[in-house]
Amino acid sequence: MSEPLLEIDDLTITFPGGKGQWPWQRQPDVRAVQQASLSIDPGETVGLVGESGSGKTTIGRAVLRFIQPASGTIRLGEFDVTGFGRTVPSPYRRAVQVVFQDPVGSLNPSMVVGDIIGEPLQIHFGMDASAREQRAGDLLEQVGLERHHLERYPYEFSGGQRQRIAVARALATEPRLLVLDEPVSALDTSTQSQVINLLDQLQRETGVAYLFIAHDLAVVRHISDRIAVMYHSRIVEQGESDLLCEEPRHPYTDLLLASIPDPDPVIQPGKSQRRRELTVGGELGATGNAPEQGCPFANRCAHVMDVCHDQFPEPFPFESGGEVRCHLHTTGPKLEGRPLRALATPTG
Ligand code: SF4
């Protein structure tokens, strides 16, 4: 077994609370991520899925070292990321790159594509103008665009093409890890599949690893080797992609799966019914600050027990290398890592 490329251990990230009602009051700190642990092997894709506000993007930003965690560690190969001072070393910037959801905002509108892709080539490899042009053209072709596009501005491309340019720029530094933050969420469905297929192909060609952050479990499943599910600041389940989607161990994972729309008019009503059975709150989504103790899903879970309000569950590992954090596996029904379907569906 190879050593993990990225190791996140017991990561907690908080943001200072805003002003209170009176000038001398402050809101409590916001618990954005609590005790998250995750690893990615070289060349592997790990999907980090959860709703908006679950903390998944915050983890990605900590890996990029845009923010400093309150506690825990992040290591990437030889880099102790949480040990960096104010300045992030240039070799780390080269090793980890990012593609954001909105290529319009992330590509400088006043620069031609050749300069956008050429900039990291100059910074990290010191290439002269002619070497930059050659390499930027190669990268454009690698992402399915053409060499003559080097002379064009971002506004001259479609959304999918702009995302290809963003990927080409990210690959220019020959990174070991690419953080893909909702990279296809702004695209229509057919363009989404083209970009996902491209990412798959590029990974095979370059061996780069992906941290694929998205809210859509169907998209995440399509590209990921393993998936980590986040709910309200906590990673509640992680495991091999197909297994997690076919045999969920955590009630929230089950709910996310039941929330994926199905085009089949026979299957969809069954999914909607399943979703109603699985939640007491009726809605997906968490509001307010994440609880410091207890399971963050307790207010919505149809299986909730007294212990769920008092203690956040310890990780329960299961045979395929995944783990789940839910008291159903250790208390009460004692599922002990077996899929949720081993439980009778709750009634009432
Ligand atoms: Fe539901 Fe309790 Fe499991 Fe949380 S720990 S998902 S509340 S059963």
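I looked up the crossing of α6 and α7 and found it right-handed; that term applies if the near helix is turned clockwise from the far one, while left-handed means anticlockwise by less than a right angle. I was working on a predicted model, where local features need pLDDT of at least 70, side-chain atom pairs count only at pLDDT 80 or more, and totals for chains, interfaces and linings use all residues. I counted residues from 1 along each chain as its sequence is written, and my side-chain values use heavy atoms, with hydrogens and water left out.

**α6 and α7**

Helix α7 covers residues 189-206. I took helices as DSSP runs of H or I with at least four residues, strands as runs of E with at least two, both numbered from the N terminus. The axes of α6 and α7 come within 10 Å and cross at roughly 20°. Axes here are lines fitted to C-alpha atoms, for helices over the stretch in contact, and angles run from 0 to 180 degrees between N-to-C directions. The two helices are therefore roughly parallel. That label needs an angle under 35 degrees; over 145 is roughly antiparallel, 65 to 115 roughly perpendicular, and the rest oblique.

Which residues of α6 meet α7? I listed G160, R164, V167 and L171. On the α7 side I listed T191, Q194, V195, L198, L199 and L202. By class, the contact of α6 with α7 has six nonpolar, three polar and one charged residues. Nonpolar covers Ala, Val, Leu, Ile, Met, Phe, Trp, Tyr, Cys and Pro; charged covers Asp, Glu, Lys and Arg; the others, Gly among them, are polar. Contact means heavy atoms within 4.5 Å.

**α4 and α6**

I then turned to α4 against α6, which spans residues 159-171. Their axes lie 8 Å apart, at an angle of about 25°. That makes α4 roughly parallel to α6. The crossing of α4 past α6 is right-handed. From α4, I noted V113, I116, I117 and P120; they meet I165, A168 and R169 in α6. This contact has six nonpolar residues, no polar ones and one charged.

**N108**

I found N108 in the loop between α3 (103-106) and α4 (113-125). Is N108 buried or partly exposed? It counts as partly exposed, because its relative accessibility is 33%. Buried means under 20% relative accessible area, exposed over 50%, partly exposed in between, with a 1.4 Å probe and protein chains only. Leaving out residues up to four places away in sequence, N108 touches I116 and P154. Its side chain makes a polar contact with the side chain of S110 at 2.8 Å. Such a contact is a pair of N or O atoms within 3.5 Å; within protein, one must be able to donate a hydrogen and the other to accept it, and residues adjacent in sequence count only if both atoms are side-chain atoms.

**S241**

I placed S241 in helix α9, residues 241-246. S241 counts as buried, at 2% relative accessibility. Beyond four places in sequence, it touches R221, S224, D225, R226 and I227.

**Positive phi**

Most residues other than glycine have a negative phi. I noted Q35, with phi near 50°. Q35 is in strand β2, residues 30-40, and is partly exposed at 37%. I also noted R65, with phi near 65°. R65 lies in the loop between α1 (56-63) and β4 (71-76) and is buried, with a relative accessible area of 12%.
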